[in-house]
Amino acid sequence: MVLTDNIKATNSAFAIDGVWSSADSFVVKESSVLRIKFCAEKPKTVTSNYKEPNMIDKLILITLTLLTINVFGQIESSTYKIVADKFVENYNENDFKSIFDSFSLEMQSALPLDKATDFLKGLKSQAGQITKLQFVKYVNGTYASYKTNFERALFTVNISVDNNSKINGLFIKPFTDENLPKMERNITKLQLPFNGEWTVFWGGDTKELNYHIENQAQKNAFDIVIKDEKGNSFRIDGITNEDYYAFGKELIAPCDGEIVLVVDGIKDNKPGELNPMYAPGNSVIIKTDKNEYLFFAHFKQNTIKVKQGQNVKQGELLGLCGNSGNSSEPHLHFHIQNIEDMNAATGVKCYFDKLNVNGQIKTDYSPIKNEKISNVK
Ligand SMILES: [Zn+2]
């Protein structure tokens, strides 16, 4: 069984391209670009002719800009507003055919109805309904960028509209707020959040090593289990949670900090079944005095010992390892993020101060997939 716990539904046939995010990749001068990545396929790049907004739109835009200067110094044109609002309405009503009908001919041939429907259905199963769409700015004067709150995610939705008011470019990526704190790695010295030897199931900087990397907040996450000499994470057949070595093991604070979030009361799954309704399951967030947010997910139900607002010391018991939330088997999911809100956060690379890695002591090290790790006594 392959361990999974991401916020993606398991039957989802797509992945939102979260890797392709540098602004200058989205070059829209003479053309608009659509990049939607489907599983097992290369990212689709569609180029179609882009025409200047017509003169009336321009005039409206300029006039309104003079009258109303918002924080971004730009306002949304009426054409874009109509198209974007309609997109949201159709999306929330599962009317994917109407969204397809709002595409330009080039978009329709690049993204046929069945593919468009798959993509939008997948997006909905991962992120839920759109609850708020907020115009941010025009980029290169050609496409509009929207900060878009979904029920379970925060994305940037970039929409390009041709002069027939048809969508000829659509790009969805995790939202990044330039005002949020930038954090490359942790400064606080951390020990491993458990006793004994555990094995990294997912961890590292590539997709092969770490399937979390497509998720903005979880890109540097670890999924950690306990394995025996045979490489199994369970004793007999893995049918019950109790059969797993990790289930019920103590999870401890890697450093001093303040407990800023506790969720408990979510039942543990049967192994192999997932509960995407609340993906992290029973969880704890510790905030360090360097404002790093340490996120622990999938605790065993009703075992969390700490309370929100409490200060903890390094080594203090947090709760017991479990299998709650979007988790396919008992394991610890651990990552660091730059702010508390997982939907808006960016992941921070996590280094442990001193640890055994496959029998050798390493300092200031970020372990990767398949490494056996334990604290140095
Ligand atoms: Zn995980």
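This is a predicted model: local features need pLDDT of at least 70, side-chain atom pairs count only at pLDDT 80 or more; totals for chains, interfaces and linings use all residues.

Visitor: Which residues of α2 are buried?

Guide: They are Thr79, Tyr80, Ala84, Phe87 and Tyr91. These residues cover an arc of only 120° around the axis, which puts them on the same side of α2. In general, an α-helix has 3.6 residues a turn, so residues three or four places apart point the same way.

Visitor: What does α2 pack on?

Guide: α2, residues 78-92, packs on a sheet and touches β3, β4, β5 and β6. The direction of α2 makes about 130° with that of β5. Just after α2, Asn94 takes a positive phi of about 60°.

Visitor: What is the order of the strands in that sheet?

Guide: The order is β3-β4-β5-β6, in an open sheet with antiparallel pairing.

Visitor: Why are β3 and β6 said to stand at the edges?

Guide: Each has a single partner strand, so one side of β3 and one side of β6 are left without a neighbour in the sheet. Neighbouring strands of this sheet are turned by 25° against each other on average, direction ignored.

Visitor: How do you know that β4 and β5 are paired?

Guide: Pairing takes at least two bridges, and seven join β4 to β5, so the two strands count as paired. They run antiparallel. One of the bridges links Asn149 to Leu154 in β5. A hairpin through two residues joins β4 to β5.

Visitor: How many bridges are there between β5 and β6?

Guide: There are seven, again in the antiparallel sense. In β6, Ile167 is the bridge partner of Val161, and Ile172 is that of Val157. β5 and β6 form a hairpin with five residues between them. Ser165, in the turn, has a positive phi of about 60°.

Visitor: Why is β5 called largely enclosed?

Guide: Eight of the nine residues of β5 are buried, so the strand is largely enclosed by the rest of the structure. Across the chain, buried residues make up 42% of the 377 residues.

Visitor: What makes His298 buried or exposed?

Guide: The cut-off for buried is 20 or more other C-beta atoms within 10 Å; His298 has 30, so His298 is buried. His298 lies in strand β12. Its phi is near 75°, a positive value in a residue other than glycine. Most residues other than glycine have a negative phi.

Visitor: How many helices and strands does the chain have?

Guide: The chain has five helices and 19 strands. Among its contacts with a separation of 6 or more, 63% are between residues 24 or more positions apart.

Note on methods: Residues are numbered from 1 along each chain as its sequence is written. A residue is buried if 20 or more other C-beta atoms lie within 10 Å of its own, exposed if 12 or fewer, and partly exposed in between; C-beta atoms are placed from the backbone. Helices (H or I, at least four residues) and strands (E, at least two) are DSSP runs, numbered from the N terminus. Two residues are in contact if their C-beta atoms, placed from the backbone, lie within 7 Å. Axes are lines fitted to C-alpha atoms, for helices over the stretch in contact, and angles run from 0 to 180 degrees between N-to-C directions. The arc is that of the directions from the helix axis to the C-beta atoms.
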